[in-house]
Structure formats: C-alpha cells, structure tokens
Amino acid sequence: MERPIFLALLIVALPLGAFAIEILHALIFRRMAKWNDKLSMAAMFTALGCALYLLFTEVLAHPHGIEKAYMGSVPWISFGGDMNPVRIDLSILVDNMTCVMLVVVTLVSSLVHLYSSSYMHGEERYSRFFSYLSLFTFSMLGLCIANNILILFIFWELVGLCSYFLIGFYIEKKSAGDASKKAFITNRVGDALFMTAIMIVFSVLSQSKGYAGKDVLSFPEIYRSIGELGSNAGPWVGNHDLLVIAGIFFFMGCVTKSAQFPLHIWLPDAMEGPTPVSALIHAATMVAAGVYMIVRMFPLLVGEGYISGDWFHSTPLEVIAIVGGFTSIFAGTIALVQNDLKKGLAYSTCSQLGYMAMAVGVGSTTGGMFHLFTHAFFKACLFLGAGSVIHAVHSQMMGDMGGLRKKMPITYWTFLISTLAIAGTPLFSGFMSKEMVLTSALAYGHMHEGSLFHSLPFYFAAITAVLTTFYMFRLVFLTFFGKGAWEDKKHGAHDDHAHAPVAVYAAPVSSPGHGAAAHGAHGHAPAAHSTAAAHDTHAAHDPHGGTPAAHDPHAAPVAAHGDHGHHGEPHESPWQMALPLVVLAVLALFSSGIAFPGLPGSHWFEHRLNDGVLVKDLMTESSAATEQTRQLFEPMVVHQPGEPLAANASEIVAEYHEAWSHAHHTVFLFSLCAVAFGITAAAWFFIRKRGVDYVTGVAPLRGLRTVLSNLWYVDAFFIKGFVPLEMKFNNLCAWFDRTVVDGIVNLVAWIANKIGVLAGLVDFYGVDGAVRGTGDAVLEGGSLVRKLVSGKVQDYVKWTVVGFVVAVAAVAWFGH
Amino acid sequence: MDSQSFTQAVAMIKRDFGAFIPETVLSIAICLLLLHDVLVKGATGRAAAALALVATVIAGIAVVHDVAPRNEELFGWMQDGRKLGMIRDDAFARFFKGFTLLGTLIAIPMTLSHKALQGRKMGEWYALLLGAALGMLVMASATHLLMFFMGVEFASMASYLLTSYIKRDMKGSEAGMKYAIYGSVASAAMIFGMSLLYGLCGGLHITDLAHALSATSTSSTALLVAGALVFAGFAYKMAAFPMHFWCPDVYEGAPTPFAAFLSVTSKAAGFAVFIRFLMAFAPGFKIEFGGGNASLDWRGLITIACVASMTLGNLGALLQDNVKRMLAYSSIAHAGYLLMGVVVLAPGAAPEQIRPLLFYFLAYMFMNLGAFYVVTALESREGVPSTIRSFAGIGRRSPVFGICMTLFLFSLIGIPPTAGFTGKWMLLNALIRQPQPMIWLAVVAGLNTAISAYYYFRLVRAMWLDKSSDDSPVVFARLATLMVVALAIPTIWMFIDSDRVIAFAGHFVLG
C-alpha cells in the first residue's frame, strides 16, 4: 500500500476506532465511559498530525502537489450476469483536494473537541457528545476519501444522520427535536434526487460496452466517460438529456446539504444544536460537503462543454451559478435583521455557501474550493467566538450583549480578525478566496457579452459582498461595542431599559412556526430575550459554579454569574476555549498563504487545487481527447494576470483569460470599496447612532424589514403552502366520499331497492316468504357487521371498488 | 380407461409425488397436531411448537434435497406432446417455498415469545399456521387457475381463523371478521375474473390462456376487465392497491406473531402466484395478443398499483401511533416497492431481472420479521399494545434491542449499511437500467422513501432520545433476544456480502 493511501485510511480509522471503543464500553458496562472526551480528543489530534504530515510531505513539498492521484480499491459487489457485468468497489482516492479536505476536517474537528471539553463541561450527556463527534468526524473524513460516488453517498447519509443526532442533542427542548427532524426530512428530498442521479450514471455507464466489468461509479470511470464525449464516443452519446438531468439532480443533493435556496430552511433551525456542533458541522465541514461533491462531479456537470472548451453553456452549471448567486444575496439580506447572534451567523454561512456553489457554477472549482477552505477557518472561529460570548452572557440575543470588548479581549480580537476575513479585507485569507470567486463571476459575465442572465451571478455576489461586510460588522459592534445590557443589570435597572440596542431593526415576527425571534421593537427587558430565545446555555455548563437561577425566566441572564464574585460581569473563557479561537484566527489570516505575490507560499492553493490538477491526470489517461483536454487545462489552471498565455490555447480560453485579467482589477477595487463602505456604514449605525431607530419612520423600509424578519416568507411558504395543501386534499377526499361516492352507493341502493320492490310485487305470492327471509337475514347480518366493525369494512370495500374502477379506467384510457 | 393407461397414470403420479414431499409433510404434521390437541391431556404449547418446528424443517429439507429442480409440471396430462399439470416444480417455486417455510420457522419461536398465546392449547394454532403455509406452497407452484384459487383460499381461510384465534379478544375477533368479509369480496372478484377468462379462452391452464387468446378474437375491454378482476385477488394477497384496506385493521387485531407471518409470507406467495400468472398469461409481458385485436396493458395496471400502494401506504403510516398499524401501512408501501420489481419484468427483459425482487424479498423478510419480533417482545412484556410511546428509552434500557430495532428500521427506510439499502438500490437500478428507463417512477419511489423516513424515525427517536418514565434496564426473554440478534445479522450481512446473496437470488429465475 502506498504511504498516502495508508495515511488516509489511518486518519479515517482513528475517529472510528475511538467511536467503536466508546460504544463497546457503553454496551458492556451499560454506561458511557468517563474518559470518552480524552479518547476522542487523542484520536482527533493524532489524525490531525497525520493529515498535516500528508499535506506537508505530499502537497506542499511539490510545486503542483500530487501530480498523479493515489488510488486503492477492494472489490465489493459485482452483478449484472456474465452478459453485462458491473462492479462496485470500495475505493479511495488521495489527491490534492482530498489532502486539503482532510486537514480542514481534522483541524476544525480537533479544535472543536478541545473547545467542547470546556463548553460542554457538566452537561448531562457530555460523554455521549464526544462519541457523536467522533462518529461524525469519521463519516466526514470517509466522505472526503471516497473514490466512488456511491460510497460518497453512503458517507453523505452518515453525516446527515450524525447531524440529526447532534442538532437534537438537547433532547429536553422540543424546538431542538423539531429542528433535527426538519433538517433530516429536508435533506431526504435532496438525497432522493442525488440517488436518482447516481442511478442514471450507473445505468448509462453500465450498459455501455467499454465499461463492462468496470467500477462504473468511481470518479475515474465517470471522468473517462465524459472525456470520451470529446471524440463523440462513449456512453453519453445520444444520452445528452440524461446527462443534463443527472447534473441537475447531483446539484439538488448539494442544494439540501449545502443549504441553497429554497431548501436552506433547515440550516438556521439547526442552530438549536450546541454551538461547537454549529461550528463544526453547520459551518465548516458538513454543509460544505455539497460543494465538495459538485466539485468532484464537475466534469459531469460541464458535460460535453469540457471538451469543446465552452463550458459556459452547460445547463447544470447555469442553474448552479444562478441558484448559488441568488442564495448568497438572499441569505445575506435576511442576515441583516437577525437579532440572534447564532442565527445571524447561520444566514451568513448560507450566503457564503451560495458563493461557493456560484463559483463552481461559473466554472471556477478552484474558487469554490478555495472559499470553502478559508471559510471553514474563519466561520468556525466566528461560531466558536459566538459560543464564547453566549457562554459568558447566557443568552444568544444580541440585545443582551454589547460592550464585551474589554471584558473578553481574546474573543473580541479573534472575532474581529475573522470578521475582517469574511468581509474580504485585503491581506486576510477571505480576501483572496472571495476575490477569486468574484473575478470568476465577472469574467463569466464578460464571456457572454454581458447578457443579463449570465451577469446576474456577479451582481448578486457583488451586492452580497457589501451586505456581508455590513451585517458582519453589525454583529461585531452590537456584541462588543457600546454599553452592555449586563452593565445595566448591575444597577438592577430592569424597567428603564426601554430601547434594546438593536432597535434600529427590531421588528415583530409573524412567521408561523419559526423560532427566529426577532424581538419586539418596543423594548423588552433583555431578561425576556434570554427566555424567548432558544439559547443553549444552562447553569450546568458554567464551570464557575453558577446556580440554577439562570434557568429562572425572571432572573437576569447574568445574575447567575454574580454568585462567584464577578458581580455579574462577563469574563473571558478558559484556555480550552480561547486556544482554538486563537489558532483559527491565525488561520483566518494566513491560511491562504502569505498574501503578497512573489513571496514563497503565496498562491499555493491555486497552484495545487485548480480544476486542472483535479481531474487532468484522471480524465486524460485514456481519453481520445487527450490533447484537446490538455490544451484546455494548461492555460486555465492558474489565472494570474501577467503570465504568458500558452500558445496552443483555444480561442475561448484566450478570451476567458483576457476577461479574467480585466475583471481582476475591477474586483480588487470593488472589494476595497465594499469593505470600507460596509465598515463605515455599520459603524455609523451601530456605534455612532446606536439605538436610534431609523427604520420605523420610513414606510418602505419598515415594509422591507417585516419581509426580511419573516425570512422572505420562504419558511411560511412551506408551512402555509404545503401543509394546508395536504389538508385541502384530505378535505377534498372527504367531500368526494360524502357526496360522490355515497351518492353513487345510495343511488345503487335505491335502484336495487326499487327493483327489489318490483320483484317483490311480482313474486308476492310465490316466493314472498323466502325473499323476505333472505332480506331480513342480510339486514340482520348487516347490522351485526356494522356493530362489529363500527361501520368501516363497507368503507373499505367501497374504496376498493373506487380504486379499482379508477385503475382500470386509467389503464383503458392511457393503455391504448 | 384401459389398464395400461391406468398403470401409466399411477406410475406418473408416483414419480411426481417425489416433488410433492414438502406439502405432504405439512399435511401429516397438521393431522398430528390436531390429534395431539385432542389426545394429550394438558398439552402445552411447547410440544406442539416442537412438532411444528420439526415438520417445517423436514419440509424445508425436502424443498432443497434434490439440487436441480425438475422444471416440469406435476399431476397432469399430456397435451400436444407436452406435459401439463396442476403445479410445477421449478427454481422459482422452490425459492418461494423455501421462503415461506423460513418465514414459518421464524414465526414459531415468535409465537413462543408472545405472552397472550401462552398457557393455551396451541396444537390448533400451529396446525392452522402450517395450513396457511401449505396454502402458500401451493400458490408458489400452481400453474392452473383452479389451483391458484385453491391456494389463495386455503391460505386465506387459515388466516381468518388465526387472526381471531384469541377468543375473548374483541379486537382480534373484529379483525378476523373484517378480514373474512374483505377476503370474500376479493375472492369473489377473483373467481369472477377467472370465469370470464375461462369464457374467453376455453381453458384453465395458464399456458392455455395465451394460446387460446392468440387464436381467437376477443375484445380488449373484456380482457381488461377479466384480467383486472383476477389481479384483484392477487393484490389482496400482496396487500397492494386497490386491495390493501384490510391490512391495518387485521395487523392491529391479529396476534403479533401472526401479523408478522402474514406481512412476509402471505405477501411473497401473492407475488409468486401473480408473477407466474403474468409470465404465462402474457409471456414476457407480451401485451399484444394474436392479430393484435385484443391487448391488455399489464404494465400500466401494475405501475398504477405500484405508485398508489407506496404512496397511500406511506401517507397512511405517517400519523400512526400504534406500531403494529404503522408496520401494516409500511407493509402496504413495501408491496409498492416490490411491485417495481415486477414492472421491470418487461418484454425482452433478461431472466435475471427477477433478482432485485427476490433479493428485496429476502431483505424484507429479515428486517420486517425482526421489527415485528421486537414489537412482540415488548408487547408481551408490557401487556399492552405497542404504541410509539411505549418505545421511549428502549435504546438506553435495552441496548441490544434498541440497536437491532434501529437497524431494522434503517433497513426498512433503506439507509446503509443495511440489506434494505442494497435491495432498494437494486430495485431502482433495475428500473432505470431498462431499455426505456422509468426515471419518474424511481423519483416517486425515492420521494416515498423520504416520506417513510419520517415515521420510522419517530420510532428511532422515541427509542433513543425520548425520556421514559422509568429508566431501569429492561431484560427480555433469552429466546427473544437470541432471535432478534439472529435476524439482525442477515440484515447487515446482506449489505456487506450482497454480492453472494445476489448471485444466490440469480439461481431462482422462472424456469
């Protein structure tokens, strides 16, 4: 076994081993072991070491990283008979992308483990929490090394399952249970379509001649089949429709997993889970799995465009670009009015995931993966920072925060660095990835001579960039600046707190069934927020021995802290929580390399993880279109302005390259302006004019606020649109039963009755007694049956007849 | 009849009898069990159970003892140089015979684990159980419309009695009554359809049907009505739309071991007899008969039944609190999934196309019987019908049961790593790999799976996440634990080593 393969397997096996030991222990001794946290953590940090080793020795040591992907496989299932044999292998793949993903997952996961050991301390199911984390990490790592779309799907389901468990971790909260169910069910929709897409690929490839006995669902075979399209051969010829359908269905899997519009509805609710889980699963890793998947399937999404060089006209990619772009702006607007810190971050995640999907859609897998990579660090840092704040003030509502800058310096500085990163400030990692995404989107628009439809992704993304800076700094200013609600608490001033600091936006929410409580503009006392909001902190978490008073709905959120000598003041979190913040903040700065061109290490990501390296060696291996493909890739891999263009590049590539260079400068300037404008505006509203309500006085703005607070009515649409539909359908059925069916039955009965009367008259003298006797018997029997079965079995037979008639009529109607 | 032909006939019957041993064994066992009840004073259930068990095992051995099936029809006559008969011994029949006997074999310990059936005279119970199994064996191998009807009726009659076996149980009696009424409607429809077919074709042997139809001119409408009426009888056994209405009430009222038995073996026998009918009636689904003046779109009919069954079943199960009722609706939904395996037996389909169906049946047997076994054990312990509430905290209180049940439910949804996943995968795959892929049907099935996840997960959630009033460990009887684990193993094993199981299923193509 080659060393990278071995290492990858080891990395995946470590958390699995930890989980297995913990479960075995629990089964044998009927309780969770006390040392679960230490075991899981040890396994995670070992895995992190291996992953880093892999990254440094294999990827960073060479200018282009792993040039030829390492693959290993074991046969698993084979079927299809001798005529048409097919095979599915358990196979793994280690290339640059895998290595990067392994590092991201193990790094964030091990930091979250460390963080949780303090954050979740004293929690009732503390040990179980770590088992879940291990299981999740194993599944996520497995997803990253899979070299087969079916295996990937299996792990995909597993991460979904772990997410279900972890969202519903606080089982005593009904909202957590509902949220977990919502997440699971929503995801099943995408999973069903994802599965169908796999089936389509499987059916097309397995019936093709050149693929007999091959592991047709493995990535190399899928890439090969697309490569063959270049010479107008292979299984997809004549199956173009299926290719497009499969591409769109694959993306539907991503739509649910990566929370794209309109199935993003589960992600904000998933914030019911513990905050470390939000950081790990619902910000950094699992939700990015959808993007990872479409990047892996990119050649299939492009379809024949891959060969002709014109991948800008592929239907699935156009869908992805527009949906991704729309998601980013859509979620960005909602994030503007969130008053719950975690919800705000959740919508921000949604928005950034939209960026990633859009980047893939406009043809830049590098941009998508790059943003995934940097986003994982700064978003995890933001979430963990939010957890730290929540830990300190015992509330998720920003109305209860404010002025924490001095009290929690580490949290503040790390949060600020990450916010600068997500805003796309130059020198920060987020700047480089976001710039890449925006530039690709702009160049994509140029390629279509500025056609509105193809320019939309860029406009969406550009507006989102401004929005992002604004709402992220809003979070920072509301949380860390100004006068803290907890300061008022010191003086016992409950009632004069008439204006919540977020009054600029606060609006009543009428969205049914949604827990995103933007609280009233009428100045609730902050104490009420802590109960209205679904905050996940308990006195039991508090390592400093807070009393159960924190549960008391009338107690001020910080009162519990008063017991241990801090007199109600929030304070910095312990080192287990602070250290991960610092590490992640450093990565938020430097993860994309040193941001000065020319220095060693700059642009390391683009060199190693562009779509050329991703699939070049796999796809060109046996393809008839080797030369064409190479021509396409070589110049496209790195979009660095000023680099000479390869002489043999095709026309479209040259055009794209030029568009890219132009776009680069525009985007750079734009980014600077966006950041400056966003920060200034946020500072004006939330520091300078803090507490002043601008919105209520202006009718259009007020209306907009209501719309945004109600999440654009998407959730309401699903609840109001679909649930009543079902009820209406039920009513319709009932009506049909009452009027039509009963009517027919009554009519038949009436006719039968009349015939019976007639017959009775005719045969009055002859068989009267017999007829009457039989009739009575039937009636008696009928009433007996009615009594026995409470009048239901007639219904059954009745409905059977109806169903039967309908089925036969349908066959008779459509069958000929 | 001259003496020579008489001797010949006797010799033929003697020879054919070799392939009829399983049925004979069961018949003898039924007589012995009835005698046992009458003759032995203070007979306990255990002795009867042992007898039934031995008989089932012997019958099972008899099914597989000579490796190669004869591929010929038994107890028949010569016609046009071919031997035609009432039943047929082939690999297909053997699969379903073995399947039925295995289901019976699992139902017997389940009966022992069921509290409500303890301390009674049980000879009669086992006799009826074996009787139902006997009817199903006949269904699996029948080639003559008369035998179809006989088999269906035989199995049904025994089932009615088993449903209302516990005399003073109101629910059981009501369920038995409903079952009988509904069953008679189904039988009436079926025999009416058969009489129409006889009128149209002039024969009752299934090879006669196609033959006669190709020779005479018949109206399509008559054929459709006849065929659809016969289908009603089969759908009743399969618990598929539009004859599924009996299912929830009967499962809820019947003693749980019998409901389990019914959900698996009865459905399988229904499918066996239906597929054989289809294949002979319309060989290879050839829809056009004769000069093309009469045709019947079987595929359309089955597709409608398939979609409607899974959708109605899953929707019905959504809000059920009674676990047995929920499993009943789930069984209707599974009839829908299984019908996908019939849809793909289209014209020109390779014989292997039957494999997904057979594989799914095997998976379904283990996962569904497993789920029912857990319900039985729990019900016997609590003494009340199982609701979702009564599952609260079982995962913590009895981890073995919790894990096994979770596994069965995952398998029923079709989540890896379970047999149900591989089974669904194969069914959908067969659907899409047809010459004309039915992607829309695969999508419908996928969405149905999504719906079904909801109600199965209610149970999983109850087991692992809900609080129970008392948190003490639950200890189940050793037999129940053993059986549940024994059923869980194949549920996983069929996923891991699916290759071998698929190859195994490949032996049982319709001969």
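Modeller: Start with helix H7 of chain B, residues 170-201: at 1.5 Å a residue its 32 residues should span 46 Å, and because its end C-alpha atoms are 46 Å apart, the two values agree. The expected span is 1.5 Å times one less than the number of residues. Helices here are DSSP runs of H or I with at least four residues, numbered from the N terminus. This is a predicted model, in which local features need pLDDT of at least 70 and side-chain atom pairs count only at pLDDT 80 or more, while totals for chains, interfaces and linings use all residues. Residues are numbered from 1 along each chain as its sequence is written, and chains are lettered from A and ligands numbered from 1 in the order in which they are written.

Just after H7(B), B:Gly202 has a positive phi of about 75°.

Now the contact with the other chain. In chain B, 44 residues are in contact with 41 residues of chain A; contact requires C-beta atoms, placed from the backbone, to lie within 7 Å. H7 is one of the elements giving two or more residues to this side of chain B, along with H9 (220-238), H12 (298-317), H17 (419-432), H18 (439-464) and H20 (498-505) of chain B. The largest share, ten residues, comes from H18(B). By class, the side of chain B that touches chain A has 33 nonpolar, five polar and six charged residues. Nonpolar covers Ala, Val, Leu, Ile, Met, Phe, Trp, Tyr, Cys and Pro, charged covers Asp, Glu, Lys and Arg, and the others, Gly among them, count as polar.

Conventions: Contact = placed C-beta atoms within 7 Å.
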